[in-house]
Amino acid sequence: MSARDKTAVSALRSTLAALDNAEAVPADASETRGLAIEQLPVGAGATEVTRRELSESHVVDIVRSEADERLAVAAQLTAPAHAARAARLREEAAVLHRLLDEADAA
C-alpha cells in the first residue's frame with residue numbers, strides 16, 4: 001500500500017466514524033434509570049434502536065467539516081517538529097475535498 005493510500009484510508013476511516021456517530025440516536029437516560037432487574041431488557045438486540053437517516057446534504061456537511069477541521073489543526077501545527085503531521089492532515093483534507101468535488105460533479 002502506498003503512502004498516499006494510507007492517507008486516504010486514514011481520512012476515510014475517521015470520516016466514516018463521524019458519519020456513524022451522527023447517525024447514532026441519543027440514549028434516553030430515563031429509560032435505564034430506576035428499573036428493577038426483572039424489567040431490564042435481556043438478550044441479543046434487546047436494546048437496539050433504529051439509527052437516524054442522514055440526508056445527502058447532512059453527509060456533505062459532515063465530510064466538509066472533517067476536512068476543515070484537518071486544515072485548522074494543520075494551520076496550528078507551526079513547529080518544525082510537527083511539519084510531517086501538518087502535511088499529512090493537509091493531504092487528508094485534500095482527499096476529502098476531492099470526494100466532495102466528485103460528488104458535486106456526479
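In this predicted model, the largest nonpolar core has 8 residues. Its members are Ala8, Ala11, Val63, Ala67, Ala93, Val95, Leu96 and Leu100. Helices α1 (3-23), α3 and α4 each give two or more residues to this core. The most come from α4, which gives 4 residues. A second, separate core has 5 residues, among them Ala18, Leu19, Leu54 and Ile62. In soluble globular proteins, nonpolar side chains tend to be buried together.

Helix α3 (residues 56-76) packs against helix α4 (residues 83-105) at an angle of about 160 degrees. The two axes lie 8 Å apart. Angles over 145 degrees count as roughly antiparallel, so α3 is roughly antiparallel to α4. The crossing of α3 past α4 is left-handed. On the α3 side, the contact is made by Val60, Val63, Arg64, Glu66, Ala67, Asp68, Arg70, Leu71, Val73, Ala74 and Ala75. On the α4 side, Ala86, Leu89, Arg90, Glu92, Ala93, Leu96, His97 and Leu100 take part. By class, the contact residues divide into 12 nonpolar, 1 polar and 6 charged.

Ala93 belongs to the largest nonpolar core. Beyond its neighbours within four places in sequence, Ala93 is in contact with Ala67, Arg70 and Leu71. Glu66, in helix α3, lies 7.6 Å from Ala93 in space, C-alpha to C-alpha. In sequence, Glu66 and Ala93 are 27 residues apart.

Glu66 has a relative accessible area of 14%. Buried means under 20%, so Glu66 is buried. With residues up to four places away in sequence not counted, Glu66 touches Ser14, Thr15, Ala18 and Leu96.

Methods
Residues are numbered from 1 along each chain as its sequence is written. This is a predicted model: local features need pLDDT of at least 70, side-chain atom pairs count only at pLDDT 80 or more; totals for chains, interfaces and linings use all residues. Side-chain values use heavy atoms; hydrogens and water are left out. Axes are lines fitted to C-alpha atoms, for helices over the stretch in contact, and angles run from 0 to 180 degrees between N-to-C directions. Angles under 35 degrees count as roughly parallel, over 145 as roughly antiparallel, 65 to 115 as roughly perpendicular and the rest as oblique. A crossing is left-handed if the near helix is turned anticlockwise from the far one by less than a right angle, and right-handed if clockwise. Contact means heavy atoms within 4.5 Å. Ala, Val, Leu, Ile, Met, Phe, Trp, Tyr, Cys and Pro count as nonpolar, Asp, Glu, Lys and Arg as charged, and the others, Gly among them, as polar. Buried means under 20% relative accessible area, exposed over 50%, partly exposed in between (1.4 Å probe, protein chains only). A nonpolar core is a set of buried Ala, Val, Leu, Ile, Met, Phe, Trp, Tyr and Cys residues joined through side-chain atoms within 4.5 Å.
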